[in-house]
There are 2 protein chains.
Amino acid sequence: MKFKRTERIGAIVKILSDNPNKIYTLSYFTNQFNAAKSTISEDLLVVKNVFEKLHLGKVITISGAAGGVKYIPKTSKAENEEFLMELCEKISDPSRVLSGGFLYLIDLIYDPTIAAKIGKIFASNIDYTEADYVVTMETKGIPMALMTAKAMNLPLVIIRKDIKVSEGPTLSMTYVSGHNSKVESMSLPRKAIKPNSKVILIDDFMRGGGTIQGMTGLMNEFGAEVIGTGIFISTTSPSNKMVQDYISLIQLGVKDDKIIVEPNLKTFKDEYRNEDLENSELGIELEDEDE
Amino acid sequence: MKFKRTERIGAIVKILSDNPNKIYTLSYFTNQFNAAKSTISEDLLVVKNVFEKLHLGKVITISGAAGGVKYIPKTSKAENEEFLMELCEKISDPSRVLSGGFLYLIDLIYDPTIAAKIGKIFASNIDYTEADYVVTMETKGIPMALMTAKAMNLPLVIIRKDIKVSEGPTLSMTYVSGHNSKVESMSLPRKAIKPNSKVILIDDFMRGGGTIQGMTGLMNEFGAEVIGTGIFISTTSPSNKMVQDYISLIQLGVKDDKIIVEPNLKTFKDEYRNEDLENSELGIELEDEDE
């Protein structure tokens with residue numbers, strides 16, 4: 001089948017966009033579209049422009065034997081702010097406050113579009129270059145953790161609260177949940193994480209940091225290292241948390257008996273990733289091996 | 001900012017592909033790209049071709065006041081078979097059999113790429129035209145249910161196994177889990193589902209059907225109707241399940257002490273959706289209101 005230029009470009013955008021961080025070789029596209037390498041190289045230049053003009057992320061070239069082209073999702077600071085401001089407004093709706101002072105948020109954090117956006121923001125602001133897994137603890141963080149794993153092109157690992165005999169030998173440990181100072185347990189099958197791995201932790205909520213600290217401890221039992229942590233909502237109090245190195249998208253506080261919900265961009269190391277990309281970017285001039 | 005035709009097409013593909021089943025008006029694109037309606041109409045024709053030529057789904061036109069264009073993900077039968085055959089091969093790996101006869105599958109079903117593909121297959125073979133929610137029960141079905149909800153552009157609802165006081169008034173009920181004939185409980189906040197809703201159930205595993213029957217009962221307590229059920233793996237035994245109307249992607253059986261894992265396409269009403277689309281499709285000739 002022959003494709004027109006416009007069709008090839010549409011198709012390449014679809015393939016790259018559906019598979020962030022996956023490397024596609026030039027040959028993959030030449031086979032797919034029955035086109036010359038020089039033609040595909042020109043197409044990729046246009047594709048690169050589309051992503052940049054619309055601030056959808058970067059399309060970069062990886063040279064070398066395992067080389068090719070890949071799409072890195074990247075949200076802009078302005079886009080993050082706009083999205084988080086809208087979300088904060090929704091969260092601030094008084095009808096969300098339940099008796100006991102709890103906030104009803106599951107309609108938002110289970111929403112596939114919101115979860116996908118949160119995933120892209122985490123992937124844009126946490127350095128996962130060396131990461132092997134995205135790890136979360138059931139249940140409410142799973143949708144955003146899955147979407148983060150999708151954007152980072154990494155496998156997802158879900159820590160369970162009770163031991164599942166159906167998953168084979170399991171490593172369990174206890175931790176103190178900050179919320180009610182209760183001792184809780186978490187467990188993960190032995191097979192879930194390979195030794196010497198590097199992981200990104202994702203969770204929906206952090207008060208004192210006890211859960212993240214527990215997860216970090218569990219990771220260490222697996223011989224794995226936590227190299228980044230993304231939290232959806234963190235509370236202003238206690239200000240002294242058990243975990244220091246994390247980014248949180250939204251901060252939740254109480255002032256004069258009123259709930260204050262604000263974007264928390266100050267925890268973002270917003271620029272490092274942009275810079276990294278500029279440096280590692282080699283342009284889209286793929287080598288034409290035929291010549 | 002001005003866009004070239006190739007850039008507009010790439011951008012439209014990205015927007016539609018990232019937001020399945022979301023209706024975009026012609027004006028949305030004319031504003032976005034600062035282009036005439038006739039220009040965008042031509043672009044959409046090309047986009048439609050890209051999706052059809054590559055069997056990525058359909059781009060259809062909706063006429064009327066709330067009209068516009070939307071992308072409906074659709075996997076082909078051949079593609080489903082190939083994907084499920086590969087998956088069955090992985091599942092059949094003897095190293096996956098744990099003591100107690102359990103199968104270790106979480107690395108597969110938590111994989112974002114696999115979950116996304118499963119979601120697209122469910123969305124291609126379950127009629128969700130009237131559906132309001134995708135509903136699953138924690139934990140292992142969540143990734144595939146989220147991806148199904150994403151493909152269907154529906155909110156996701158997660159039934160919990162224990163009652164969460166932090167979610168407000170909650171409806172709970174007990175059910176008999178087929179696996180060990182144990183009485184288990186499930187619960188869902190009152191606010192999670194509006195009365196008179198129609199829902200699609202998604203779960204990762206079905207033996208006797210007790211869980212799905214329980215979920216159906218819980219939905220009825222919410223005044224909601226189950227209009228479709230998608231299961232990832234169902235077992236051959238018992239052949240007489242408590243639930244009749246479902247599709248399952250993979251069938252798992254035991255023959256002469258050997259585990260048999262096979263694609264289960266016979267439960268698919270594979271063609272109806274294709275036909276529906278052909279019928280409802282009005283072509284991409286969007287009306288130009290200016291003329």
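B:R8 counts as buried, at 8% relative accessibility; buried here means under 20% relative accessible area, exposed means over 50%, and partly exposed is whatever falls in between (1.4 Å probe, protein chains only). Its partner is just as hidden from view by that rule: B:D43 is buried too, at 0% relative accessibility. B:R8 and B:D43 form a salt bridge, with the closest N and O atoms 2.5 Å apart. Because B:R8 sits in helix α1 (residues 5–18) of chain B and B:D43 in helix α3 (residues 37–53) of chain B, the pair ties together parts that are 35 residues apart in sequence. Helices (H or I, at least four residues) and strands (E, at least two) are DSSP runs, numbered from the N terminus.

A word on the ground rules: this is a predicted model, where local features need pLDDT of at least 70, side-chain atom pairs count only at pLDDT 80 or more, and totals for chains, interfaces and linings use all residues. Residues are numbered from 1 along each chain as its sequence is written, chains are lettered from A and ligands numbered from 1 in the order in which they are written, and side-chain values use heavy atoms, with hydrogens and water left out.

Over all chains, the salt bridge count comes to 26. In chain A, A:R5, A:R8, A:E42 and A:D43 are linked in a network of them. Another pair, A:K48 and A:E52, meets at 3.7 Å, N to O. These two lie four residues apart in helix α3 of chain A, about one turn of the helix. A:K48 is buried, with a relative accessible area of 12%, while A:E52 is partly exposed, at 32%. A:E79 also forms a salt bridge, with A:K117, the closest N and O atoms being 2.7 Å apart. That pair links distant parts of the chain, 38 residues apart: A:E79 is in helix α4 (residues 77–91) of chain A and A:K117 in helix α6 of chain A.

At the interface, 56 residues of chain A are in contact (heavy atoms within 4.5 Å) with 56 residues of chain B. The two chains bury about 4900 Å² between them, 66% of it on carbon and sulfur atoms; buried area is the accessible area (1.4 Å probe) that two parts lose on being put together, summed over both. Six salt bridges cross this interface, including one between B:D18 and A:K120 (3.8 Å, N to O). On the side of chain A that touches chain B, α1(A) gives the most, with ten residues.

Finally, α7(A) is largely enclosed by the rest of the structure, because eleven of its eleven residues are buried. Just after α7(A), A:N153 takes a positive phi of about 55°.

Note on methods
A salt bridge is a side-chain nitrogen of Lys or Arg within 4 Å of a carboxyl oxygen of Asp or Glu.
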